[in-house]
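Here is a short briefing on one structure.

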Amino acid sequence: MMYNNEHFEPVITPNVDKPNCETIEFYIQHENGYKALEKALKMKPAEVVDEVKKSNLRGRGGAGFPTGMKWSFMPANPVDANGNPKPKYLVCNADEGEPGTFKDRLIFTKTPHRMIEGMIIAGHAISSNKGFIYIRGEWFKEARLMQKAIDDAYAKGFLGKNILGSGFNYDLVIYKGAGAYICGEETALLNSLEGKRGEPRLKPPFPAQVGAYGMPSCVNNVETFAAVPYIIEKGWEKYAKMGTERSGGTRMIGVSGHVNKPGVYELPMNLSINDIIEIAGGMKGGKLKAVIPGGASAPMLRADECNVLTDYDSLAKAGTMAGSGGLIVMNDTVNIVEATYTLLKFYEHESCGQCSQCREGSHWLARMFKRILDGGGTQDDLDYIAKICGNMAGQTICAFADAVTGPALSSVRKFREEFEEMVMKGGLKGIGRTESVSHKMVGAHV
Amino acid sequence: MALSEKIKNTINGIRHQFPTEQALLLPTLHEVQNEKGWVSMDSMRDIGEFLNLPLSKVREVASFYTMYKLEPQGKVDVQICTNISCWLNGADKLVSCASKKLGIHAGETTADGKFTLSQVECLAACGTAPAMMINEDYHENLTEESLIKILDQAKSDLDAGKVVGKDTRKDGVWP
């Protein structure tokens, strides 16, 4: 239905519903697997970077930075103080942990070779010989599946020394996180990869100069790498045409919450939020009330604002963001104060504690929301929330503090009457708790 | 005392993959956690000795990440996700259901040391919410009925001496 884009075809998920789709045999036989690698290895690294630049691929981890440009920041021949060449590292950010976001897990379990192939091509493009895949620690099964995929790729000669007779060497190593949302932030991830606390680093120096283990490094998201083989195989034009003027390709959108068919959908970017809810089986248990369009940290939209397109620029214009593609749908049984408190508890728990604005601000906000829910809130609190947020956003080493203010500010601004009512009626007790939709789930897309 | 030979072998086997000794700290902590169920002060001292790191470094890292438990845990670690997508689909009810079933609050361990119940923040399984982890295994699309069934199964497996919730675990292999 309404995939209203004549150029659209699934780039990453054409076969994820087929049996054995995660195996290397399937990938080679049915998806032209590792043909793009063969082609890329015949191209010069700069040509590969150029192809990706022209495709308008933007980082799928959340920030949406142009991928080809990020690759081109890598120094050509870095040397240390003694003039000896330094290694360059490529890092895959697979620390998916933002509430509402669950697309990378699908790639890991259903089409790991697409990501591996993309990573080897990227390694060639930035002339690196080693890549690290940083996986969130809770993914025991996923990490083992990925290790199996890597082993199979070695066995077939797509990894290791002199790949496909090209003279290019590439090694991939898995590294497991240990439960810290902040490690999805690229510099925190690098610290964690070095065996340290996952605390974000000040920038500059940027990872392209001083990254993993002090060496020039490039960090990309799982989905970003998984899009690369298609671009190389079919050419940048085809990929770019599927998207909008400033962002090419498709997006993996994870739809969750009150819809009939939650799951991961690969979609063109010229669909509105309303279209996507429709694709995910429509609303469940009530009318649409609010949507968080890009994972927990994206500001909320009211139902009447959901006619917006889901590409990076349209969502930015609507005062929110495309983020990591996690669309959280809430129906009108939801109490927005309670929903926001659920998110703030998460941020309170996950702040790394390095910057006081974030450490104290996130605790403060969570406590204020709790007080409002418990019946101790005042009208002044509602203005105070905005003040606290103003002192957090943009004032810290990383964007975590901004992420906390996303749900806090947007919910107070857009549903202020609900907050005022709660303050007046003495909290949740006076209003009634959110009625959870706890019946049997309808079969998810994946 | 000292780390087991198995852990040392595993870590020595991956040593060549990383440019620094400290990079091995997270993997070693994972192995200790897997073998002993938690990371004690003594284990941290042993890890420091093994990796040539001061105890303070080991401790600051071990206490930063939520997966490393600094106190003994139940044999079956039940972690129910209560963040937004799971919450929208009734995770609160699941927590109280599990709490009633096990006779403990979230954050506690049963007196017989068999079960620990906790609430966790996002398992990246929002499309199949509500979700939980039992040791290393995910359980998704939960209902109160399926939750009770899974807990009963875990209990009978445990009583029969089986390993619970480590379906895909291959011993001594990182990851």
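Two residues are in contact when heavy atoms lie within 4.5 Å. This is a predicted model. In chain A, residues 24 or more positions apart account for 71% of the contacts with a separation of 6 or more.

**Fold and dimensions of chain A**
- Chain A holds 18 helices and nine strands.
- The radius of gyration of chain A is 22 Å, close to the 22 Å from the globule rule for 446 residues, so chain A is as compact as a globular protein of that length.
- The C-alpha trace of chain A spans about 75 × 55 × 40 Å along its principal axes.

**Burial and surface of chain A**
- Of the 446 residues in chain A, 61% are buried.
- Chain A exposes about 16400 Å². Carbon and sulfur atoms supply 51% of that area.

**Charge in chain A**
- Chain A carries 52 positive and 51 negative side chains.
- The centres of these two sets lie 2 Å apart.

- B:L117 sits in strand 2 of chain B, which covers residues 115-120.
- Buried means under 20% relative accessible area. B:L117 has 1% relative accessibility, so B:L117 counts as buried.
- Leaving out residues up to four places away in sequence, B:L117 touches several residues, including B:V78, B:I80, B:V95 and B:A98. Among the others are B:L102, B:I104, B:H105 and B:E108.
- B:P72 is 45 residues from B:L117 in sequence. Their C-alpha atoms are 13 Å apart in space.

How values were computed. Residues are numbered from 1 along each chain as its sequence is written. Chains are lettered from A and ligands numbered from 1 in the order in which they are written. This is a predicted model: local features need pLDDT of at least 70, side-chain atom pairs count only at pLDDT 80 or more; totals for chains, interfaces and linings use all residues. Side-chain values use heavy atoms; hydrogens and water are left out. Helices (H or I, at least four residues) and strands (E, at least two) are DSSP runs, numbered from the N terminus. The radius of gyration is taken over C-alpha atoms; the globule rule is 2.2 Å times the number of residues to the power 0.38. Buried means under 20% relative accessible area, exposed over 50%, partly exposed in between (1.4 Å probe, protein chains only). Accessible areas come from the Shrake-Rupley method with a 1.4 Å probe; for residues, only the protein chains shown count as cover. Lys and Arg count as positive and Asp and Glu as negative; His and the chain ends are not counted. The place of a charge is taken as NZ of Lys, CZ of Arg, CG of Asp or CD of Glu.
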